[in-house]
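Welcome! Here is a short tour of the structure shown below, written for someone meeting it for the first time.

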Amino acid sequence: MKILVTVKRVPDPESSIKVNPEGTGIVESGLKWVVNPFDEIAIEEALRIKEAQGDVEVVVVSVGVSESQEQLRTGLAMGADRAILVKADRPDTAAVAKILVKLVEKEQPTLVILGKQAIDDDSNEVGQMLAHLLGWPQATFISKLTFAGDKASVECIREVDGGMETIAFALPAIITADLRLNEPRYASLPGIMKARKKPMEEIDAASLGVDLTPRVRIKKMAPPPARTAGRKVESVDELINALQTEAKVM
Amino acid sequence: MDFNLSIEQQILRESVRGFAENEIKPVAADLDKNEEFSYDTMRKMATFGLFGMFVSEKYGGQAMDYLSYIIATEEIARVDGSHAATVAAENSLGIGPIYYFGSEEQKHKFLPSLCRGDALWGFGLTEPNAGSDAGSARTHAVLDGDEWVINGGKIFITNASTDISAGVTVLCRTGTLADGRPELSCILLETGTIGYTSNVMHDKMMWRGSNTSELVFEDCRVPKANLLGVRGQGFQQMMQTLDGGRLSIAAMGLGGAQGCFDLALGYSKQREQFGRPIAQFQVNAFKLADMALEIECARLLLYKACWLRDNKMPFSKQAAMAKLNCSEVMYRCANHAVQLHGGYGLMKDYDVERFYRDQKLLEIGEGTSEVQRMVIARHIGAL
């Protein structure tokens, strides 16, 4: 079995993000970049399947700038077998999904695991678009994945509003990982050294013959308004009045 | 010039930082309080690959460069000195001499289990009356047929009295040279040898989660083949080992200073007095600025020393400079960090209290600051 796992290079969630003066994006210089945390969970799940089932190849794939190979190396250091970097300049979600379709056609994986969303733009779209374009079943926001005995189908528990939903479907399929699916491992030191010898293929997105024209245009980016100081009220009556007339929450 | 770390080194730093934050930080304070060596974190560190980092794969190591080893040590020290001590002492002092000076047979016999972290190995140099004057060691070994008979004792030996300590490299007098000076040689002494006792030393001020030992040798008989390298080369072997070891002590100073800075910055931005975060008072902001500056300089010097070593250039002077500088930078950073924490910094509930104590060893172990100045002074031709 082959599992394709997507990896996105995103700013470290612990770094402080500033919007650039033009309001077109964030200031990228000096930022620390990491593997999208939900993608780490996706990698971990693929590695656990490999460890449980044995004959599984885990391929990590990233669509983006050349530097994304750092994040792919992290995936290889965690234990993935090989990597594919599709070089593309700021593709939107639709373009990424179309590129992934080409890779799926080429690689013929049984399972594609993605993080439920990337923590940079929080679009939460690529998995769903990919499933639609391929006509494959999908389970988004999953917190548990179980293979059937014949390994031809899986059962997933999805985290939905107000509870859990259990669904089962035949493979091949698309899965997107939620926070509670697993706890990702650290890349061990031997793993980091082994990763140096693992293959990384580089493909130019333009060579795949897909329409990369952006469907989404960022018109303006602005930081959230700074929180203003609170106000002290003298009495409960004044508080209720403020909640009713000013905040309009009661 | 290129100050970029390789992709592997960047991944290594991130990964070790995550490991240290999640596996070591939560237990460090309790281990310190109880003066306990943790076999649980030892196992985790071993599985993670923190032993045998610069050793060739042939003997079970990770075959990383020395800078990678230093970065890993730095990141462990950023959260806890005791665990960094276990790692640094084991790699530089336990594994190092066997790897660099051992015979093929000795390397194949001892290194795989040490690199797996199944066993630990000590470095027996210091004696109760031979500290900075290490050459005056009294422990002696006499050849009797096919065996060395060792008598004497060592003190302050890291990793030598745990349940998994497999032995110790002992610096012994093995004779007298023509000019009357002692002939010094290193001999590998295995745990279980009759007459060998290793006792855990208690009531330490610092590194309380690491293992420190007092060793006694009473007519210990070890095979002649346990001589490490060439007879009479013991002191040179020890000094060369310390050149590399100093880089790892420097890494502990650098990582510890970074840990102090991170704690101090975080606390200063959150603690409010006189209506605003204390970081916004210039007197405090300048302390933090000084810490950041000193850490940056210390890192540049240490990494340069590692770069020299990795490129097979002389690095002994820079190793002494980095060890001296990093340990003194941590001294000042720990002092500022406790000061910024005020009364809370004096309490064990706050990690800076432990950093303040752990720091002191760095100015004493593997050559005191005075000895480092002596080494540097000799290198520049002043002494």
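## An enclosed space and some ring contacts

The largest cavity holds about 60 Å³ of space. This is a predicted model, in which local features need pLDDT of at least 70, side-chain atom pairs count only at pLDDT 80 or more, and totals for chains, interfaces and linings use all residues. Residues are numbered from 1 along each chain as its sequence is written, chains are lettered from A and ligands numbered from 1 in the order in which they are written, and side-chain values use heavy atoms, leaving out hydrogens and water.

A cavity here is a set of points, on a 1 Å grid over the protein atoms alone, where a 1.4 Å probe fits but cannot get out; lining residues have an atom within 4 Å of a point. Grid points are joined across faces, edges and corners, and the volume is the space filled by probe spheres set on the points. By this rule there is one cavity of 30 Å³ or more.

Who lines the largest cavity? Among the residues are B:Trp207, B:Met252, B:Phe355 and B:Asp358. Helix 6 (234-270) and helix 9 (351-362) of chain B are the elements that give two or more residues to this lining, and helix 9 of chain B gives the most, with four residues. Helices are DSSP runs (H or I, at least four residues), numbered from the N terminus.

Now to the aromatic rings. Over all chains, the whole structure has 17 aromatic pairs. Rings of Phe, Tyr and Trp (its six-membered ring) pair if their centres lie within 6.5 Å; planes under 30 degrees apart count as stacked, over 60 as edge-to-face and the rest as tilted.

Buried means under 20% relative accessible area, exposed over 50%, and partly exposed in between (1.4 Å probe, protein chains only). B:Phe19 is buried at 4%, and B:Phe48 is buried at 5%. In the other pair, B:Phe37 is buried at 13%, whereas B:Tyr39 is partly exposed at 34%.

How values were computed
On a 1 Å grid over the protein atoms alone, a cavity is a set of points where a 1.4 Å probe fits but cannot get out, and a pocket is an open set with protein on both sides within 12 Å along at least five of seven lines; lining residues have an atom within 4 Å of a point.
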